[in-house]
Each structure stands twice: as structure tokens, then as C-alpha cells.
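Trainee: Hi! I'm new to this one, could you walk me through it?
Mentor: Happy to, let's bring it up first.
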There are 2 protein chains.
Amino acid sequence: MSNSEFQQVTESTTQVERPNPYGPNPADYLSNVANFQLIDSTLREGEQFANAFFTTEKKIEIAKALDDFGVDYIELTSPVASEQSRSDCEAICKLGLKAKILTHIRCHMDDAKVAVETGVDGVDVVIGTSKFLRQYSHGKDMNYIAKSAIEVIEFVKSKGIEIRFSSEDSFRSDLVDLLNIYKTVDSIGVNRVGIADTVGCANPRQVYELMRTLKTVVSCDVECHFHNDTGCAIANAYTALEGGARLIDVAVLGIGERNGITPLGGLMARMIVAAPEYVKSKYKLHKIRDIENLVAEAVEVNIPFNNPITGFCAFTHKAGIHAKAILANPSTYEILNPHDFGLKRYIHFANRLTGWNAIKSRVDQLNLNMSDEQCKEVTAKIKRLGDIRPLSIDDVDSIIKDFHSEITTPQLRNMDAEKGDDLNSLDIDAPASKKAKRSQ
Amino acid sequence: MSNSEFQQVTESTTQVERPNPYGPNPADYLSNVANFQLIDSTLREGEQFANAFFTTEKKIEIAKALDDFGVDYIELTSPVASEQSRSDCEAICKLGLKAKILTHIRCHMDDAKVAVETGVDGVDVVIGTSKFLRQYSHGKDMNYIAKSAIEVIEFVKSKGIEIRFSSEDSFRSDLVDLLNIYKTVDSIGVNRVGIADTVGCANPRQVYELMRTLKTVVSCDVECHFHNDTGCAIANAYTALEGGARLIDVAVLGIGERNGITPLGGLMARMIVAAPEYVKSKYKLHKIRDIENLVAEAVEVNIPFNNPITGFCAFTHKAGIHAKAILANPSTYEILNPHDFGLKRYIHFANRLTGWNAIKSRVDQLNLNMSDEQCKEVTAKIKRLGDIRPLSIDDVDSIIKDFHSEITTPQLRNMDAEKGDDLNSLDIDAPASKKAKRSQ
């Protein structure tokens, strides 16, 4: 096949430039996809992760890193959880970070009185509104919940501090109860109301519908908190923003109760596709890797192999059919640009799925001069050895260099063969197949 | 506070039993949420994972495990990728599995002729339809694509083998081009058409809208393939089923190009919430852990700490406020039941966020007799030590046993104190706080 087949397809030149199809839909006038804020809860929800034990010094280090990245809020464990929790909260409030500092308490005056004395910029109040939680957790009815909420809200506001009121387990709460309580707290005035998928049961269309409904009832901002038990925490956060939510709770690597919540890095991967200018101007994306490493080390976990952005293979391309197109234009198989995150792309050419385009690229990197036909021939050799065992880059380079020395100094062929090692055996025993397939 | 506060809330008894609110919406008559099928692509997409090198024996072991689990289809690497790929495909076809065996080829007669001779039950044909791929990968226009598709489809059907036609990079393809080609192949007759989010850019509402549109154009089943670059692969799969897709491509742990595709285990977590009877009757969920371990070992990765279902903390509850309710009724903080997956729940009580309900449960496990007030007192001791350093279960048990021996044999108090170790020092230096908070 000739190279001419790979020429640019002639597309109609009259086509107008369209806006980013993965950006906010202009029809969704409630969408906050390009106007969202982050509440990082690594030091609250994340402290509820099974492995988490943060010293004061580690909490401060994490808070500073999050602030440097650019999160809008940092949420801390309740000061009534333990004496150390209270003094850590006070210490972080004194750091003078750009991010606003929040603490997270039960909807109870005892907690509120302690919280407002810590120096926080805001208090996040939560109470379970689902039948499950009312029955098995706190045992209070909706009237009692509304009454406590109003008392706590008025008290916190009287101290000049931001207040958020959130239900817990919102997606298993009665819709009328929910809307009633949100309408009540919105009418007395709160900075935000919160929706929490405490058990991780929600799905994207359900989230969207609840957001749209809630936004017709309240005028304040809506914050969302999604657990990841069923793997939808990033998608639910995105869909919530489409439906009018403004703030998303995240944690570094998603650490939290059970398998955690919406991860900071994963949400950034989602949002940069939808609102690249907003995300790149607001957050220091190249810091994600360092923050994840910091927290992973503190809680003694490894970065998941398949983590968005920072997983070891997130920007690795293997199959020949992919590698070929990536070499021509990275956008063909990448919606994320590794350079936006201070990372690099990697073409995995040392395997049996490799294609001659990837090998040709390697030949060029090695500064060898070989024709396309010769690259195809050496690719066939590499694929044959790849069938036998895993290949290292050194293996592939050896095969290429060997082949190159053969074609440039054919008189040495027999001498090389006398070495008798695996690679040379392959040279002799397996003549270049004429059937070598392109770009599989 | 008295225990009576935790009595069951009196809810209206006239309330009728409602269907599972996380189940398929009866209004969505196109939904296949309770009627889906799985195409496992661990041995095709998964072979494109950076770390994957499967021997013939390992491929057979994985295929058998997937078949035992109950996947409907197993997709294998193209037989033209390498000689070994072809012979492995033939070997797996001969195993006589219940699952149908598929192989995945380019839309080209050269590939199709090899594929139909391997013994597979079906052939999955793919071609890039996006402007990106047409320009930088294969360089063919839509007329050429349609012509090749028809030729390959008619040929495969003539051999009595199932045929799927899929576009690649569907979400960046021109909608009119897409619908045109799907309408064409549907009219000549195919088993399935496929939608592929090759770069992982799609979001749930976009997926739903494309499914709804596509289902008005074709009468055959729709299969979906979602990459996970932006963390939405599970949610997109779920939303696709809601919109009328029937089959989802999965891989064990999601392994595939870059950070992979919809993971088998994660999708099961999502689907069991929506369609518990269907999922439990069709798939052996308690095998998920073994299959994940098998594949993780083969490709030399660890199970991510936050993996749905099998992550080490997926069923671990830490905060006191959670642990208390979980002890009363697991449904309060769990949408998944660990027993459905052959796993167990774990209440993490050895930390400073612990609550007295969790400690009381431990006291009962230790078969000690202590009042609620005494449990609250020992909880305060545990929280104070938890502020100082990470606690092991042994630490907590020592504190509890020590406290128990104090209250039952007070005359020994001074003797115990003479041991002078950390735990006893704490007993002496820190009298039981009257401010100990319940259930934080």
C-alpha cells in the first residue's frame, strides 16, 4: 500500500467552526460547568478513610498544597471530634490561606458553639433526612430537624460566618421533605444548601433531575457531595453542575468513608474537557501529581494503576492502530493533553500488538536511516518475538539495530549469526514475512 | 441522653410500598437496565493495556473464569495481530464455553477472511468515523467506509457468524454520518451496532441523547464501549442502558488502552443497585474478587485501594456517626451488601473519630459486661489516645479490657498503675471526660 492513502481527507471547506461540543450546552442556562467551585474535604471526609491518621504537621502540609493548587474551600473535621481536631482546626485557620476554611458539624447547638470559636470562615451543617437515618441514626422527625436547623443557622450567621445546610443521604429522602427544609433554610438565608449522596447510590440522570427541581425552589448556591460506591462520583458531580449545582466536594484521590468520594484529580480530568479555559486559568493542574503523592504517602496507599491523569498508563498508547494515529496527531486518541498536567505521552511499541508506524518512529528516534519497507520488515520480526515473551525497549532496540547493521553491511550477516543469541536466531530462522500487517 | 431517642420514628403507616427508586424508570420504555448483556474484552481491549502480556495458558484461565462468572460474550484480540493471537483465538474457541466468543477486527476483507476461519461465534468490526481518525488514521471517506462495511458484513453473515459493526470515536463523529452508516448496516442486517467513546470524552447526558436518537434509526441491538480517561466509564455505561443500549463492553479492572474502559466489577456495583434480581440471578458476583485477583496478578498491578466492591476499604466504616447507624441497620450507610459479593463489612473503631456505639459493639464482641455510660467513658479514653497516634485493634482492646478490669476490681487500680505503660498512664492522667461526645 502506498503512503498516499494517508493523505488528508478532503472535507468541505465551507464548514463553520463549531464551539467545543464537550463544553457546556448553551441550552442549559442553569449550567455551572464553566463556573464551578471546589470544596476539598481531604481533611474531613478524607480523615474518615480507613487508613487516614493525619498529624498536625501533615494536615498543614496538605492544606497548603491544596491552597496552592487553587481549591476554593478547605473543609476540616469537626472540632468536637477530639481535642486534637479542635486545635488542628484552629492552627489551619491561622495559616492565612487564600482558600476559605470550613468545618463540618452535626446540626446541633453544642457543636455550633465550638465551631464558631475556631476561626473558620464557614460552617457546614449536616443532618440525615432519609427515613433510614431518621430511624436508625438520630431518630428525629422533620419538624425537629427544621427547628434545629433554624436555630443553628441563625446562631452561625450572627457570628458573621458562612453557613451551609445539608441533608445527608439526600437521594433516599422524601422529595417533599427535602424541598420543604431547603425552602425553609433558603428563606431565612444561607450561603449554600448541600445535597449528599451518602451511600453512593445516585445515578447521573437522577442527579440532574433533582438539581433542576431544587434550583426552582432555592435561590442560594447548591453544593454536592457524591460517594463512589457504584463508580459514578465523577459523572454525578459533572451532571450536578450541568443541572445548576455550583460547588463540588472533592478529596485528593477521593479518600473518604468506604471507597470514598469524587476525586480531585479525576474531576479535573472531566472538567478540563468541558471548560478548558476556566479550569486551566483557575487551578494549577501540574500540581495534581505532587498533591496525590503527598496524600497517598500520608495514608499509605498507592496511586491506583488506572487513576485518571496520574495512573502510570493514563497517557500510554499500545496498539499499533492507536500508536500510528497518535504519532500523526495526538488528538486522535487523546481528549486530555498530558502537558496540561506536567506529564508526558508514551507510545508503547515493545509488544506484539505494535505497528510499523510506531517502530518507524523509534527508528527515527535512534537516528537510523531505514525505508518504510524496511521498517515493516523489522516490525514483523519484533511481533514474532513479542509472541514468545514480553519485550523490553532494549529488546526492540537490539532487533532494530541488528537489522539496520544487516542491511547496511550485509557482509557481516554470517558473523552476527555466529553469536547465536535469541535475537540473531530469530533473524535466521524466520525470514521477513510478506504478510506483515500494517497498523494492527 | 436516654436511649429512647433512638426509637423508631413513627412514619405514616398508610404509605404504600414503592418500587426500588434506583431501579429502571418505568417511564423509560427503552431502558435495558434490567435486560443488559456483558461483552468482556479483557482479552482484547485488556491486551492493549500497557502491562499486559498474556500467555496462552493465562488467556484460557481468564476465559474460563469469565465464563464461569457468566459474561455473555468474550472478545479476543484480532487473529491478524500476530501468529500467536490467531492460534490463541482458535484454542479458546475450542474450549466449549457457554459464553459466545468474538474477535475484533478492522473493517477489511483481509482481516475478515482470517477471522471467520478461527471458529469464533461472532466478529466485531470497527472503523473510525470521526474526522480525526479519517484524517490521521485510515484516511478513508464515508462512502468508502460504507462500501467496505457492506462487503465485510455480507461476507461474515454468509459464514453464519454474528456480526457487529461499530464506529470508533463515535462521540467526535458527525451525527449525520453516524446515523447514515448505522441505518445502512442495520438495513442489510447486523446483530449489533456499536458506539465507542474511544478517547473517553463522553458524558452521561450526551450518551443518553445519542442512544435515544440512535434507537429511532436502527432496530438491531446497540453495544457500547466507554473509555475512562475522564472517570465516567461506569456512569456512561449505565446511562447508555437507560437510553436503550443492550450490551456493554467491560474488562476486568477496566484494563485497556491508557487508563482503560468500564470495569466489570464497578459496573456490577452500579447494576446491582438498579436491577438486583436480574444481576444476582445472572452473574456469580462472589467470583468478582477471584477474577480481579487473577487478572491483577497476570498484568502485575495491585487492586486499586478505592476499587468498587473489592478495594480494601469498600465496606469499611470509620466515623462514629456512621458506625453507630451501620450497627443498627447496615442499609443506613450501604447501598451494596458485602454478602452479595462474598465479602464482609468492617467497622473501623480504632481511631479518634470513633463513637461509643462502635466501642459498645466491640465490648459486646469481647463478651464484657459494661453499661452505656461506661462505654462512653472508655470511648473518651480511646479518642484521647487516637489523637496521639494511630491505633491498632489490639490497642483498643487493651484499653477496653484494662478499663473493664478497673471497674470490676477497683482494688487493683494501683497495682495496674504500677505497670507504668502508655495505656495505664492514660488511665491515670486523663480522668474520664464528662464532655465525651456521642457518635461523632
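Trainee: Before that, what should I know about the model and its numbering?
Mentor: This is a predicted model, where local features need pLDDT of at least 70 and side-chain atom pairs count only at pLDDT 80 or more, while totals for chains, interfaces and linings use all residues. Residues are numbered from 1 along each chain as its sequence is written, chains are lettered from A and ligands numbered from 1 in the order in which they are written, and side-chain values use heavy atoms, with hydrogens and water left out.

Trainee: Okay, how many helices and strands does chain A have?
Mentor: Chain A has 17 helices and 10 strands. Helices (H or I, at least four residues) and strands (E, at least two) are DSSP runs, numbered from the N terminus.

Trainee: And how much of chain A is buried?
Mentor: Of its 440 residues, 63% count as buried. Buried means under 20% relative accessible area, exposed means over 50%, and partly exposed is in between (1.4 Å probe, protein chains only).

Trainee: What share of the chain A contacts link residues 24 or more positions apart?
Mentor: Such pairs make up 72% of the contacts in chain A with a separation of 6 or more. A contact means heavy atoms within 4.5 Å.

Trainee: Which domains is chain A divided into?
Mentor: There is domain 1 (30-299) and domain 2 (316-407), with bounds that come from an automatic or database domain assignment. Their C-alpha centres lie 46 Å apart.

Trainee: So what goes on between those two domains of chain A?
Mentor: In chain A, 8 residues of domain 1 are in contact with 6 residues of domain 2. The two domains of chain A bury about 610 Å² between them, 72% of it on carbon and sulfur atoms. Buried area here is the accessible area (1.4 Å probe) that two parts lose on being put together, summed over both.

Trainee: How many salt bridges are counted between them?
Mentor: The count between domain 1 and domain 2 of chain A is 1 salt bridge. The side chains of Lys280(A) and Asp340(A) meet in a salt bridge at 3.8 Å, N to O. The rule asks for a side-chain nitrogen of Lys or Arg within 4 Å of a carboxyl oxygen of Asp or Glu.

Trainee: Changing topic, how many aromatic pairs are there?
Mentor: Rings of Phe, Tyr and Trp (its six-membered ring) pair if their centres lie within 6.5 Å; planes under 30 degrees apart count as stacked, over 60 as edge-to-face and the rest as tilted. By this rule the count comes to 14 aromatic pairs over all chains. In one of them, Phe49(A) and Phe305(B) have ring centres 5.5 Å apart and planes at 70°, so the pair is edge-to-face.

Trainee: Which residues form an aromatic cluster in chain A?
Mentor: Phe36(A), Phe69(A), Tyr278(A) and Tyr283(A) form one aromatic cluster.

Trainee: Which residues does α11(A) bury, and what do they pack against?
Mentor: In helix α11 (residues 288-298) of chain A the buried residues include Ile288(A), Ile291(A) and Leu294(A). The buried residues of α11(A) pack against α1 and α9 of chain A. Just after α11(A), Glu300(A) takes a positive phi of about 60°.

Trainee: Why point out a positive phi?
Mentor: Most residues other than glycine have a negative phi. Arg258(A) is another case, with phi near 55°.

Trainee: Is Arg258(A) buried or exposed?
Mentor: Arg258(A) counts as buried, at 1% relative accessibility. Arg258(A) is found in the loop between β8 (247-250) and α9 (264-274) of chain A.
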